[in-house]
Amino acid sequence: MKRRTFIGAAAGVTAAAATGLSAPALGQGAAARTLRFVPQANLANSDPIWGTQYVVRNSSALVWDTLYGVNSRLEPKRQMVEGEAHDAGFKVRTFRLRAGLKFHDGEPVLSRDVVQSLIRWMPRDPMGQLIPARLDAIEAADDRAFRIRPKSPFPKMIFALGKNNAPMSFIMPERIAKTDPFQPITEIVGSGPMRVKRDGWVPGSRAVFERFADYVRREEAPDWLSGGTRILVDRIEWHILPEAATAAAALQNGEVDWWETPLPDLIPVLRRNRNIAVDTADPLGNIGSFRLNHLHPPFDNPEIGRALLLAVNQEDYRKAVVGDDPSMFSTSHSYWSKGSPMHTEAGAEPLKLRSPERARAPLQAAGCSGRKVVQLHASDFPTIAAQSRVPADLLRRLCVNLELVATDWGTVVQRRASREPSDRGGWNVFPTTWAGPDWFDPAAAVGMRTDGLNGWFGWPTSEKIEALRDAWFDAPNFAGQKRIAAGIQAESFQVVPHVPLGHFLSPSAMRRNVTGLIKSPVVLFDNMAKAA
Amino acid sequence: MLAYIARRILSTIPVMLVVAFVVFSMLILSPGDPAAVIAGDQATPEDVERIRAALGLDRPFLVQFAEFLWRLVNFDLGTSIFTNLPVTHMIAQRIEPTVSLMVLTIIFSVTIAVPMGVIAAWKAGSWIDRAVMVFAVLGFSVPVFVIGYLLAYIFALELDWLPVQGYTPIARGFWPFLENLILPTIALGSVYIALIARITRATMLEVLAQDYIRTAKAKGLGTRPILFLHALKNAAVPISTVVGIGIALLIGGAVVTESVFAIPGLGRLTVDAILRRDYPVIQGVVLLFSFVYVLVNLMIDLLYTVFDPRIRY
């Protein structure tokens with residue numbers, strides 16, 4: 001028995017004897033059936049379509065199910081769908097749902113729920129946004145079947161329905177899915193393996209999920225988001241611990257079982273504890289990037305972006321982002337995520353030079369010398385703050401008059417939306433990180449869009465890249481997709497929407513009595529067991 | 001007396017209005033955008049604009065303020081932008097831990113600090129006096145979060161006597177409730193103890209030099225009755241004033257303490273809301289804190305009449 005448990009029991013018994021108040025329970029069974037998890041961020045809402053943060057997606061994967069789910073080879077596999085059929089000319093595709101699927105309120109999952117969920121998801125998802133233009137209709141055929149009538153081929157459709165990056169196309173009851181996608185839902189009713197315990201949700205502190213007894217799992221081995229989801233605990237508690245030192249202490253003390261993303265500084269302390277195992281839960285990792293504002297000088301001149309590529313040394317970011325562990329960082333001379341099918345080094349030669357000296361001359365020729373550059377610096381976001389200081393130093397050494405605006409992430413996300421010049425509340429550069437799947441291919445990579453003011457912050461313009469992107473969606477096979485993705489990258493190294501800063505893995509720490517982790521880009525609780 | 005209380009309560013209305021206006025203005029004028037935070041990294045600027053419009057954040061300042069005031073007079077603090085829960089519900093969820101922490105801290109601090117100050121004054125110039133003053137200086141100088149982490153390291157990680165973090169409602173047993181609050185109470189109480197001990201010592205030194213104390217001593221009265229019945233009662237007015245003023249200190253300290261010990265109280269709610277720019281929650285909590293502060297000061301004013309019957313309202 002732990003010393004504190006003993007003290008607690010003794011004090012409780014004394015107090016109970018003296019005052020009649022209740023003593024603490026000493027049973028271990030309930031504790032072993034409860035997994036206590038510290039997520040990467042606060043779970044402030046539970047609508048995966050309205051709020052697209054990864055913490056929301058991760059909790060939603062417990063509560064909702066999807067039609068398809070990608071496996072570790074990034075192939076979409078059937079989940080809620082039992083099978084598909086199509087007519088001879090591929091004019092009508094019919095999808096049939098598995099029998100017995102139920103929502104947490106006891107209602108059966110019907111095809112009209114699916115149709116309405118997809119209608120809500122499409123406008124919020126970069127891939128989903130492409131679907132309506134290629135569809136004539138999406139409609140319920142009967143209670144268990146729905147039809148899609150494509151106007152033009154869209155080979156990535158099934159992948160879009162099963163992909164893992166946010167927002168995922170979770171299936172909700174029709175009445176809930178009728179909510180405007182730009183408004184939050186008010187009921188959390190899914191058909192996934194766990195249900196939300198509403199009275200256990202204290203935003204900013206705790207969220208509780210309980211096993212859904214009527215969940216119908218596939219009789220297959222789990223593999224990322226595909227296969228049979230097998231939850232071995234009765235209850236999963238999410239403990240929101242924003243202070244890293246508190247989370248580390250709570251894990252060491254056995255008050256929580258799994259900390260999703262400990263800070264690199266605290267890893268040595270955690271590794272020294274024999275009850276804690278430190279590993280990587282997300283094999284796809286993250287990508288650092290240094291985003292340039294193409295609307296205003298100096299980065300409206302692509303020569304300057306290209307010169308920056310010559311100067312950057314990704315190795316400099318390793319120490320800043322992951323500390324002393326070299327296995328957690330690797331250079332990546334590509335816009336595409338390391339390990340993704342589209343990964344290539346096409347056009348990446350400038351990034352391999354790592355020569356500030358070579359960059360200086362073109363920068364001066366382009367009129368960059370002494371020019372004021374405003375860099376946004378999110379000081380409350382540890383990973384971004386760490387990597388932010390490296391390019392700041394580089395820019396100062398190169399030629400520019402750098403103004404580092406240190407502020408919180410909330411302010412950065414507002415200011416980065418400003419299209420004004422930097423002296424009127426705008427910006428020139430900001431570092432950020434992306435989850436690996438966000439740069440898997442042109443469908444996911446919103447940061448690669450070059451449609452000017454319609455695109456992501458920084459607003460680069462290149463008709464060539466946009467045309468290649470359109471062609472990628474229609475490529476008939478993988479070889480074609482790969483060739484087009486290489487072309488997109490080569491052109492991106494000319495336009496420079498951002499400077500890639502390398503690929504890093506995030507450590508995850510858990511108590512050794514917790515077993516069965518499935519490493520995946522989505523936090524999965526399938527197969528996890530906890531010994532008493 | 002009743003008329004005085006009514007006047008004071010009425011006077012809180014303009015105070016609260018000014019607080020509401022200042023808080024609202026600061027939030028609207030300060031940088032940050034909840035819509036951008038909600039939309040996430042994948043969102044385009046157009047998505048952010050649509051969410052902002054859906055939240056009503058694109059309307060003119062005065063329209064938003066008028067709506068806020070109208071809700072306020074209807075005792076409606078609005079709905080959280082992020083959680084979509086009523087602010088009153090979120091405050092209700094969080095009020096017990098904060099009230100528990102503050103009440104325990106006040107009890108603990110007054111129990112420790114007043115005797116410390118009294119003894120320091122009685123033994124003025126001695127090593128006891130100097131030790132109390134060193135403690136007071138340390139209490140003021142060492143940040144609450146340093147004390148908090150130090151206590152957690154010693155008593156939770158090293159000795160395994162107490163938990164590192166969390167909160168258990170009193171309804172689930174007194175010891176589990178107390179167990180979670182011992183370290184936060186000590187951490188938060190350190191500044192408060194320092195403040196009260198110093199003011200108690202200073203006031204007692206002044207009172208102990210009065211003629212009536214000398215008379216009491218001459219009458220042969222014992223030390224304890226002189227210190228606690230005669231001197232402390234007359235020193236109580238400034239001490240209670242500081243206890244009241246210190247509530248503001250406690251509110252500020254609770255924000256830090258609740259973060260360090262992961263207590264789901266109003267302090268953490270405030271920090272989370274500020275970081276996300278959850279305007280209705282920030283407004284609700286700040287208004288509540290202001291109201292509590294005004295109310296506590298009223299209670300302290302009324303308490304003066306107990307300590308000093310010459311005071312009349």
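Biologist: Which domains does the domain assignment give for chain B?

Modeller: The assignment gives domain 1, covering 2-73, and domain 2, covering 93-307. Please bear in mind that this is a predicted model. The centres of domain 1 of chain B and domain 2 of chain B, taken over C-alpha atoms, are separated by 32 Å.

Biologist: What makes you say that domain 1 of chain B touches domain 2 of chain B?

Modeller: Residues count as in contact when their C-beta atoms lie within 7 Å. The contact takes 14 residues from domain 1 of chain B and 12 residues from domain 2 of chain B. On the side of domain 1, α1 (2-29) and α2 (34-39) of chain B each supply at least two residues. The most comes from α1(B), with 9 residues. By class, that side of domain 1 has 10 nonpolar, 2 polar and 2 charged residues.

Biologist: How many helices and how many strands does chain B have?

Modeller: Chain B has 12 helices and 0 strands. Its C-alpha atoms fill a box of roughly 85 × 55 × 35 Å along the principal axes.

Biologist: What is the secondary structure of chain A?

Modeller: Chain A comes to 16 helices and 21 strands. Its C-alpha trace spans about 85 × 65 × 40 Å along the principal axes.

Biologist: How do you know whether the radius of gyration of chain A agrees or disagrees with that of a compact globule?

Modeller: For 532 residues, a compact globule would have a radius of gyration near 24 Å. Chain A has 25 Å, and therefore the value agrees with that expectation.

Biologist: What is the pLDDT of chain A?

Modeller: The mean pLDDT of chain A is 90, and 95% of its residues reach 70 or more. Over residues 15-27 of chain A, however, the pLDDT is below 50, and this stretch has 22 contacts in the model beyond near neighbours in sequence. Where pLDDT is low, the predicted coordinates should not be read in detail.

Biologist: Let us turn to the sheets. Which strands form the open sheet with mixed pairing in chain A?

Modeller: 7 strands of chain A form that sheet, in the order β8-β9-β10-β1-β11-β19-β12.

Biologist: Why are β8 and β12 of chain A said to stand at the edges?

Modeller: β8 (194-196) and β12 (276-280) of chain A each have a single partner strand, so one side of each is left without a neighbour in the sheet.

Biologist: How do you know that β1 and β10 of chain A pair?

Modeller: Pairing requires at least two bridges between the strands. β1 (residues 34-38) and β10 (residues 235-239) of chain A have 4 bridges, in the parallel sense. The bridge partner of Phe37(A) in β10(A) is Trp238(A). Helix α3 (residues 54-63) of chain A packs on the sheet, touching β8, β9 (206-211) and β10 of chain A. The direction of α3 makes about 120 degrees with that of β8(A).

Biologist: Which strands form the open sheet with antiparallel pairing?

Modeller: That sheet has 4 strands of chain A, in the order β4-β5-β7-β6.

Biologist: What makes β4 and β6 of chain A the edge strands there?

Modeller: β4 (81-86) and β6 (135-140) of chain A each pair on one side only. From one strand to the next, the twist averages 15 degrees.

Biologist: How many bridges join β4(A) to β5(A)?

Modeller: There are 5 bridges between β4(A) and β5(A), which run antiparallel; at least two are needed for a pairing. Gly83(A) has Arg96(A) as its bridge partner in β5(A). The two strands form a hairpin with 6 residues between them, and Phe90(A) in the turn has a positive phi of about 55 degrees.

Biologist: Which residues of β7(A) stand opposite Phe95(A) and Thr94(A)?

Modeller: Phe95(A) faces Phe146(A), and Thr94(A) faces Arg147(A). Strands β5 (residues 93-97) and β7 (residues 145-150) of chain A pair in the antiparallel sense over 4 bridges. Helix α4 (residues 111-121) of chain A lies across β5, β6 and β7 of chain A, at about 145 degrees to β6(A).

Biologist: Finally, how many residues of each chain does the contact between chain A and chain B take?

Modeller: The contact takes 54 residues from chain A and 49 residues from chain B. On the side of chain A, the largest share, 8 residues, comes from α1(A). The residues of that side divide into 23 nonpolar, 21 polar and 10 charged.

Terms used. Residues are numbered from 1 along each chain as its sequence is written. Chains are lettered from A and ligands numbered from 1 in the order in which they are written. This is a predicted model: local features need pLDDT of at least 70, side-chain atom pairs count only at pLDDT 80 or more; totals for chains, interfaces and linings use all residues. Axes are lines fitted to C-alpha atoms, for helices over the stretch in contact, and angles run from 0 to 180 degrees between N-to-C directions. Two residues are in contact if their C-beta atoms, placed from the backbone, lie within 7 Å. Ala, Val, Leu, Ile, Met, Phe, Trp, Tyr, Cys and Pro count as nonpolar, Asp, Glu, Lys and Arg as charged, and the others, Gly among them, as polar. pLDDT is the predictor's confidence in each residue, from 0 to 100. Domain bounds come from an automatic or database domain assignment. The radius of gyration is taken over C-alpha atoms; the globule rule is 2.2 Å times the number of residues to the power 0.38.
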